[in-house]
Amino acid sequence: MRRKSFIFEDKRKLSPRYVPRFLPHREEQLRFLWSLYSDSLEHIHETYLLVCQLIGPLGTGKTVTALRFGQLLEEEASKRSIPLKHVYLNCKVGGVSRVVLYRGLVGEAAPEVFSRSLSPEELLRELLKHLRREGRYVFITVDEVEHFCKHSKEHIVYDLTRLNELYPGEPSQVVGVAF
């Protein structure tokens, strides 16, 4: 039998993974993100990669805003029968290696094509080929990217902002990347 806490109504809300459905004082930022990416859902078969950067001091809600936006984007895509997945990568947790981060990306977005034997570039290429073949889409949030850039000589920002170049002139299966 489960005992009700006398202190907390819902202990799950104490988790750093908890994302509230309503974010006080973040409506403007969510509207701005929606203005950037809503057209992608309107014309999903013609969409090109859009990149944005969320900036602000530590503890101001950038991560939770990005996570909530990813949820909203997935929900809206689902209503439109668009197979879109939001993938969240944390560079502090994921390490300072492209291959580790990209394995996490592929593992979340398309576990069917995950392989430990592929280079970082091959992981991205296989991911994009799989998404195209399956008609699926992804929105990527890369958190703590400055940590990665300080501790690594590898260039994930360059890689992820140039995903369109793997299929020049063609629409992308990656709707966006938010850093």
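This is a predicted model: local features need pLDDT of at least 70, side-chain atom pairs count only at pLDDT 80 or more; totals for chains, interfaces and linings use all residues.

Colleague: What makes a space a pocket, and what is the volume of the largest pocket?

Modeller: On a 1 Å grid over the protein atoms alone, a pocket is an open set of points with protein on both sides within 12 Å along at least five of seven lines, whereas a cavity is a set where a 1.4 Å probe fits but cannot get out. Grid points are joined across faces, edges and corners, and the volume is the space filled by probe spheres set on the points. For the largest pocket this volume is about 430 Å³.

Colleague: Which residues line the largest pocket, and which element gives the most?

Modeller: Lining residues have an atom within 4 Å of a point. There are 21 of them, and Lys62, Thr63, Asp143, Glu144 and Glu146 lie nearest the centre. Helices (H or I, at least four residues) and strands (E, at least two) are DSSP runs, numbered from the N terminus. On that basis α2 (62-79), β3 (137-143) and α6 (145-151) each supply at least two lining residues, and α2 gives the most, with 4 residues. The lining divides into 10 nonpolar, 7 polar and 4 charged residues; Ala, Val, Leu, Ile, Met, Phe, Trp, Tyr, Cys and Pro count as nonpolar, Asp, Glu, Lys and Arg as charged, and the others, Gly among them, as polar.

Colleague: Why is the contact of Arg80 with Glu42 called a salt bridge?

Modeller: A salt bridge requires a side-chain nitrogen of Lys or Arg within 4 Å of a carboxyl oxygen of Asp or Glu. The closest N and O atoms of Arg80 and Glu42 are 2.9 Å apart, so the pair meets the definition. Arg80 lies in the loop between α2 and β2 (84-90) and Glu42 in helix α1 (residues 27-42), 38 residues apart. The structure holds 11 salt bridges.

Colleague: Why are Arg80 and Glu42 called partly exposed?

Modeller: Buried means under 20% relative accessible area, exposed over 50%, and partly exposed in between (1.4 Å probe, protein chains only). Arg80 has 32% and Glu42 has 48%, so both fall in the middle class.

Colleague: What ties together Asp159 and Arg98, and are these residues buried or exposed?

Modeller: Asp159 forms a salt bridge with Arg98, the closest N and O atoms being 2.7 Å apart. Asp159 lies in helix α7 (residues 156-161) and Arg98 in helix α4 (residues 98-109), so the bridge ties together parts that are 61 residues apart in sequence. Both residues are buried.

Colleague: Why is the pair of Phe69 and Phe139 called edge-to-face?

Modeller: Rings of Phe, Tyr and Trp (its six-membered ring) pair if their centres lie within 6.5 Å; planes under 30 degrees apart count as stacked, over 60 as edge-to-face and the rest as tilted. The centres of Phe69 and Phe139 are 5.6 Å apart and the planes stand at 70 degrees, so the pair is edge-to-face. Phe69 is in helix α2 and Phe139 in strand β3, so the pair ties together parts 70 residues apart in sequence. Phe69, with a relative accessible area of 2%, is buried, and Phe139, with 1%, is buried as well. Trp34, Tyr37, Phe69 and Phe139 form one aromatic cluster.

Colleague: How do you know that the charged end of Arg132 sits over the ring of Tyr167?

Modeller: The criterion is that NZ of Lys or CZ of Arg is within 6 Å of the ring centre and within 35 degrees of the ring normal. The charged end of Arg132 is 3.9 Å from the centre of the Tyr167 ring.

Methods. Residues are numbered from 1 along each chain as its sequence is written. Side-chain values use heavy atoms; hydrogens and water are left out.
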